Amino acid sequence: MAPLVDLNDIQGNILRGYRRLGDVRYLLVSINSVAGGRQLLDTMLRGTDAVPAVETAAEWDEHPAACVNVSLTYPGLQALGVSEVALQGFPAAFQQGSAARSTASADETDAPWFGVGIGDIGDSAPENWVIGGPNNPVVHVVISVFTDEATVPARESVSAGLRDVFTACAVTEIAVRDGSTFPDGAVHFGYRDGIAQPQVAGRPGPRRPDMQPDALTGDFLLGRGFRNTFQGNYLGAIPAALGDNGTYMAFRILSQDVRAFEEFIRRTGARFDMEPELVAAKMVGRWRNGVPLSVSPNDDLAPLTDGQLNAFDHGTTIDHPTNFDDSDGARCPFGAHIRRMNPRGGPVIGIQHNRRIIRRGVPYGPKFDYDPAVPDDGAERGLLGAFICGDLVAQFEFLQKVWANMDISAPMLRGSRDPLVGWQPDGGGRFSIPTGDSRGVLTSHDVPRLVTTRGSLYLFMPGIGGLRTLATGGA
Amino acid sequence: MRSTVDVIVDHHGQVAPPPLPTGARDLFSLAPGAWDGRSVSLNSQVQNALNLWLPLKSRAQFPALQALLEARRADFHAGVLGLRNIHFARFLPSSDFSQLMVITSFDGDIESYLMDFVGSMAGLFNDILQYIAGAPPLPVEEHPELFAEFVMQHNMPAKEISAYPQLTTLEVLRLSGIRGNSLYHQPSPGNHALPTPSTGSFG
């Protein structure tokens with residue numbers, strides 16, 4: 001069947017990840033003139049001898065050595081001279097930007113034990129950010145360069161080429177962030193990541209085994225013809241020439257406290273007479289090798305291929321009526337990270353199989369091998385996260401606010417937040433492990449805050465046609 | 001956080017609900033107790049009221065609107081069952097048939113789940129709003145922000161007084177022994193795992 005989407009008009013890394021390119025460099029740029037900004041985009045669309053043209057979603061015969069993509073903030077669109085009519089077509093959340101949205105959501109709270117918005121409070125508050133906060137330079141353009149440094153090092157050569165372009169276009173490089181996937185494919189906390197990506201209808205490539213239905217194209221791509229889960233589409237009032245085949249991205253710099261995680265699973269394991277690795281699996285919903293608890297509740301030895309790691313559900317479904325019904329969370333707790341953030345066919349309020357998001361995360365900072373006898377190295381480490389969706393409020397912010405940081409969306413969550421990415425109160429938060437046996441529900445009350453927001457930007461990732469429209473001043 | 005006591009809204013010339021008598025305010029402000037001392041539960045998460053006062057373009061159209069609601073009752077019921085956060089919903093006419101009141105109790109905050117209501121009750125809101133004065137642009141799914149603004153303007157929030165103020169719909173269903181796949185599907189005729197409306201849409 002012919003694809004539903006025009007792969008040549010969609011930027012790469014949306015519908016598929018650059019799996020073989022485990023290294024990324026993000027270059028953050030500000031535009032100093034309309035002409036310079038447009039020249040930058042025009043050059044990137046064409047490419048140079050040193051910089052490949054913006055990568056699309058089109059199939060390739062040979063994997064490129066480097067894939068380059070471009071996204072823009074709302075101030076970036078303004079700096080490019082986009083008309084006021086077109087600008088006002090963008091959703092309010094994108095116009096306001098990540099820092100303002102985080103601050104506003106935190107302001108909704110009456111007290112710390114009430115809602116925490118999307119969780120960017122305390123150390124995670126925008127005033128403490130290194131990128132995107134009120135104390136940081138305004139970012140207009142984010143350029144990502146994915147490479148495989150171990151096999152075909154190209155990061156520096158492409159960066160040098162880009163910097164020549166920056167000079168020619170008189171744009172200013174504000175910051176650089178590098179990330180590299182570890183050799184075993186894991187990220188910090190020692191887990192394989194990025195397994196459960198939505199399979200978007202019309203995407204390229206074969207369909208992987210997955211008990212979840214394909215995500216609707218309109219949940220991830222803008223375009224009048226793309227229907228989203230709410231029966232509408234997210235193009236809104238954006239001119240089609242600018243918005244078609246575009247999407248949004250929350251670019252997040254997330255610091256991760258690996259030592260606190262390792263100490264928590266050991267402490268909790270000792271308290272509950274449980275192997276620390278099982279505690280970790282209960283928190284995440286998977287073993288570190290990616291095997292889901294719902295398939296293999298006792299160990300990580302289930303003989304699953306990589307392609308089978310996402311072929312599971314927490315309950316019975318119409319298509320899988322005999323699937324194990326984990327309605328009590330005895331295998332995978334309702335509070336486990338992957339169950340909170342994607343409840344699949346399990347009990348949840350609202351439309352099922354909704355609020356999906358594409359995650360392109362790459363770790364930054366040195367790998368941390370926990371040894372209680374060795375003091376912390378003090379290095380910052382975490383994740384450069386690109387969270388891609390058709391609507392930042394309905395998808396990214398909903399996940400952060402409702403599913404990660406509130407507690408009624410599914411059973412047995414009361415009084416807790418996501419143990420991995422949720423905000424936690426002083427003294428620690430709550431996490432419950434239903435055992436399904438005479439031990440009942442084991443509850444820890446000292447979950448530390450493991451992830452801290454260090455920076456965040458709301459980005460628009462236009463289609464190729466949209467980039468061309470911006471480059472020619474047609475919007 | 002928004003007050004759930006100050007219920008007076010009057011935006012853009014729309015019909016405002018009548019003010020609550022002073023003595024009733026304390027009654028309406030009764031809030032369910034906190035889940036427990038360590039809870040992060042928000043009182044405002046559980047059993048919120050969505051009380052829409054929708055002025056008709058013409059009261060002469062009320063019979064047609066009533067017929068629509070009767071005809072679409074099954075769709076509405078299926079939507080309520082599918083979302084698992086609506087405790088109940090009913091439509092009521094004002095005494096002079098100039099307004100339609102949509103009375104519901106639901107879990108969660110309205111901003112987060114409003115579009116779930118729209119998405120699960122395909123077209124129902126659009127059909128109703130054709131009869132409503134000052135309706136937002138239709139179809140609402142194409143203009144979610146304006147629809148949300150319209151709902152906020154026409155909502156008269158009030159705290160529920162409930163026999164089970166701490167329970168969500170999902171928890172009630174689980175306590176009723178309804179589990180797994182049956183949480184998501186309307187019971188087949190003759191197998192009423194869930195209660196079905198015993199009266200029409202009005203009442």
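Student: Which residues of α1(A) meet which ones in α12(A)?
Tutor: On the α1(A) side they are R38(A), L41(A), D42(A) and L45(A), and they meet L467(A), R468(A), L470(A) and A471(A) of α12(A). Contact here puts two C-beta atoms, placed from the backbone, within 7 Å.

Student: Before we go on, what are the ground rules here?
Tutor: It's a predicted model, where local features need pLDDT of at least 70 and side-chain atom pairs count only at pLDDT 80 or more, while totals for chains, interfaces and linings use all residues. Residues are numbered from 1 along each chain as its sequence is written, with chains lettered from A and ligands numbered from 1 in the order in which they are written.

Student: OK, back to the helices: at what angle do α1 and α12 of chain A pack?
Tutor: About 140 degrees, with the axes 8 Å apart; α1 spans residues 34-46 and α12 residues 464-471. Axes are lines fitted to C-alpha atoms, for helices over the stretch in contact, and angles between N-to-C directions run from 0 to 180 degrees. α1(A) and α12(A) are therefore oblique, the class left over once under 35 degrees is roughly parallel, over 145 roughly antiparallel and 65 to 115 roughly perpendicular.

Student: And is the crossing of α1(A) and α12(A) left-handed or right-handed?
Tutor: Left-handed, as the term is used when the near helix is turned anticlockwise from the far one by less than a right angle, clockwise being right-handed.

Student: Switching to chain B. How many helices and strands does chain B have?
Tutor: Seven helices and three strands, in the order α-β-α-α-β-β-α-α-α-α from the N terminus. These are DSSP runs numbered from the N terminus: H or I with at least four residues for helices, E with at least two for strands.

Student: What about the complex: what ipTM and pTM does the predictor give?
Tutor: An ipTM of 0.86 and a pTM of 0.90. For chain B, the mean pLDDT is 72, with 66% of residues at 70 or more.

Student: How many of the residues of α4(B) are buried?
Tutor: Nine of eleven, which leaves the helix mostly covered. Buried needs 20 or more other C-beta atoms (placed from the backbone) within 10 Å of the residue's own, exposed means 12 or fewer, and partly exposed is in between. Y113(B), M115(B) and F117(B) are among the buried ones.

Student: What do the buried residues of α4(B) pack against?
Tutor: α11 (392-404) of chain A, together with α3, α5 and α6 of chain B. As for α3(B), its own buried residues are F76(B), G79(B), V80(B), L81(B) and L83(B), and their cover includes β2 (86-93), α4 and α5 of chain B.

Student: What comes after α3(B)?
Tutor: R84(B), with a positive phi near 60 degrees. Q47(B) has a positive phi too, near 55 degrees. Q47(B) sits in the loop between α1 and β1 (48-55) of chain B and is buried, because 23 other C-beta atoms lie within 10 Å.

Student: Last one: is the peptide bond from L138(B) to P139(B) cis or trans?
Tutor: Cis, with omega near -5 degrees. You'll find P139(B) in the loop between α5 (124-129) and α6 (144-154) of chain B.

How values were computed:
pLDDT is the predictor's confidence in each residue, from 0 to 100.
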